[in-house]
Amino acid sequence: MIVGEQKPFDEIWEMVKGHKQLTVFGCNTCVAVCHQGGNKEAEILASLLRMRATQEGLEIEIKNGGIERQCEHPFFESAKELLDQSEAVLSLACGIGVQFVAEKYMSTPVYPALNTTFLGDVKQDGFFTEKCQACGDCVLGVTGGVCPVSRCCKRLFNGPCGGSSNGKCEISKDIDCAWQLVVDRLEALGKLDDYEKLAPIKDWSKDRAGGPRSFKLEDF
Amino acid sequence: MEIKTNSKLEKVLKGGHIAVSSECGPPRSSDASGIIKKGHLIKNHVDCINITDNQTSVTRLCSLAACIHLKNEGLEPVLQMVVRDRNRIALQSDILGAASFGINSMLCLSGDHQSFGDHPKAQNVFDLDSMQLLQTVRYMRDEGKFLGGDTIKEPPNIFVGAAANPFADPFKIRVPRLAKKIAAGAEFIQTQCVYNLDKFELWMKGVVERGLHEKVFIMAGITPMRSVGMAKYMARAVPGMDVPEELIKRLSGVAKDKQAEEGLTIAVEAIERLKECTGVRGFHIMAIEWEEKVPEIVERSGLYPRPKID
Ligand code: SF4
Ligand code: SF4
């Protein structure tokens with residue numbers, strides 16, 4: 001899923017305080033799982049903004065709402081009226097949702113309430129970790145199911161580097177060394193010999209380096 | 001053994017001599033006189049001088065320019081190149097640039113993460129990794145081609161090496177990792193600073209068992225400790241560094257003003273012991289900001305005079 005974190009409240013306030021009307025708009029899928037951008041969080045953020053407006057003596061009409069996903073057209077039907085009447089939208093979706101709203105409503109200012117941080121999992125309740133960077137050419141099949149692009153700080157395809165120490169990465173004792181994990185997995189799979197196969201030089205043209213990517217199903 | 005390049009290091013190693021290299025860091029300034037001075041200080045006692053590439057991710061005068069300065073002085077530089085800051089276009093371009101100045105030896109590294117340096121907010125590149133950089137240099141030299149497939153009219157004539165850290169984890173892949181670097185094209189290896197001699201010898205035993213010492217020239221890394229403080233710092237704060245407790249005890253056991261001397265003695269003893277270790281073909285002496293002591297270490301460990309190579 002896509003993980004995001006709410007921006008500092010003051011930063012959000014600075015973006016929106018100039019409007020007379022604002023809709024705080026949640027996205028109830030990925031970013032709801034990490035309790036940052038769901039419809040519930042939109043409601044809470046809206047009330048905090050109303051309080052702030054009152055404190056500062058500004059008259060802003062702040063509504064709140066939300067839909068299941070801000071990245072697909074059909075979900076927007078239920079919110080059509082709300083958004084049509086909005087002077088500005090503060091979207092709690094990931095960067096994809098924010099752009100989707102902006103594209104749909106050409107003349108409505110849309111602001112991001114979240115910093116979209118990474119593609120990750122729910123490792124434990126309330127703890128999310130990065131697992132993929134959508135490099136466009138997945139190598140998990142040869143790295144024991146551990147992603148070197150997102151989980152090795154130097155995205156080494158032939159790791160580990162000389163800084164791997166006690167299972168941790170050279171940059172922080174809080175980060176697992178991805179290549180220690182690769183080696184552990186290969187060993188558990190009885191494939192440690194595969195460690196010596198040199199990984200080919202990566203084709204980064206399938207990554208963001210190659211420009212914006214798209215994918216079209218021909219028979220649709 | 002067939003000599004493939006004009007690298008002095010290659011000639012010394014293939015001539016059967018114990019090679020000695022050292023290392024200098026370029027200044028954080030556009031004035032190169034300091035590194036030229038450092039080079040002259042040690043030139044008679046080493047076969048070649050590695051020039052670090054923005055080591056610990058701190059921005060410095062570039063390695064290639066510093067190598068050119070040394071080359072112009074008649075010294076023998078080894079260009080260190082990290083893959084952190086440059087993509088394959090820039091790397092290949094710098095390799096050609098180096099070769100055009102007659103810089104014939106190169107060390108391929110991944111480079112410390114930028115979070116350690118003076119620009120922790122920088123983007124990193126890592127288009128290739130250090131193994132793939134080795135492959136790139138060998139491909140350019142031996143096949144006479146760019147990675148993209150085009151022909152290089154005058155291929156770069158470069159003897160190429162890599163680093164190895166026997167002390168990093170997981171230990172069980174440290175010998176296979178060396179094998180992998182050899183497969184990628186490494187012709188010489190300079191290791192991480194060796195303080196834990198037992199562990200180093202254990203690693204070398206694995207290396208020799210697989211016959212890898214016959215496929216690559218291994219140079220043991222030696223860094224003298226200047227004080228017990230430095231030893232403790234390296235033990236605590238430098239990732240992948242193995243400083244045994246006894247060494248710290250030994251340094252704490254001597255008066256503060258004698259610790260530097262003791263550090264040099266420890267370095268000399270390490271060289272003496274590792275000269276006997278099968279597969280060790282040279283020493284890479286990294287006297288960090290203490291280059292003036294390199295001649296003394298080399299002389300005291302019986303590695304002086306250096307062989308004459310024309
Ligand atoms: S290798 Fe690429 S696609 Fe596969 S998990 Fe990693 S970043 Fe994602
Ligand atoms: S310590 Fe491990 S995770 Fe960190 S950069 Fe090195 S190989 Fe990658």
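I began with the two chains, and I found that their contact, meaning heavy atoms within 4.5 Å, takes 29 residues from chain A and 34 residues from chain B. In chain A, the residues that lose the most area to chain B are E196(A), L198(A) and I201(A), together 24% of what that side buries. I noted that this is a predicted model, in which local features need pLDDT of at least 70 and side-chain atom pairs count only at pLDDT 80 or more, while totals for chains, interfaces and linings use all residues. Residues are numbered from 1 along each chain as its sequence is written, chains are lettered from A and ligands numbered from 1 in the order in which they are written, and side-chain values use heavy atoms, with hydrogens and water left out.

Next I looked up the buried area, which is the accessible area (1.4 Å probe) that two parts lose on being put together, summed over both. For chain A and chain B it is about 2600 Å², with 53% on carbon and sulfur atoms. I also looked for salt bridges (a side-chain nitrogen of Lys or Arg within 4 Å of a carboxyl oxygen of Asp or Glu), and the count between chain A and chain B is 2. One of the pairs I noted joins K172(B) to E187(A), at 3.1 Å from N to O.

I then turned to the ligands, listing as near any residue with a heavy atom within 4 Å. Around ligand 1 I found residues including C132(A), C135(A), C138(A) and C147(A). Around ligand 2 I found, among others, C152(A), C153(A), C161(A), C169(A) and C177(A).

I sorted both shells by class, where Ala, Val, Leu, Ile, Met, Phe, Trp, Tyr, Cys and Pro count as nonpolar, Asp, Glu, Lys and Arg as charged, and the others, Gly among them, as polar. The shell around ligand 1 has 8 nonpolar, 1 polar and 1 charged residues, and that around ligand 2 has 8 nonpolar, 1 polar and 2 charged.
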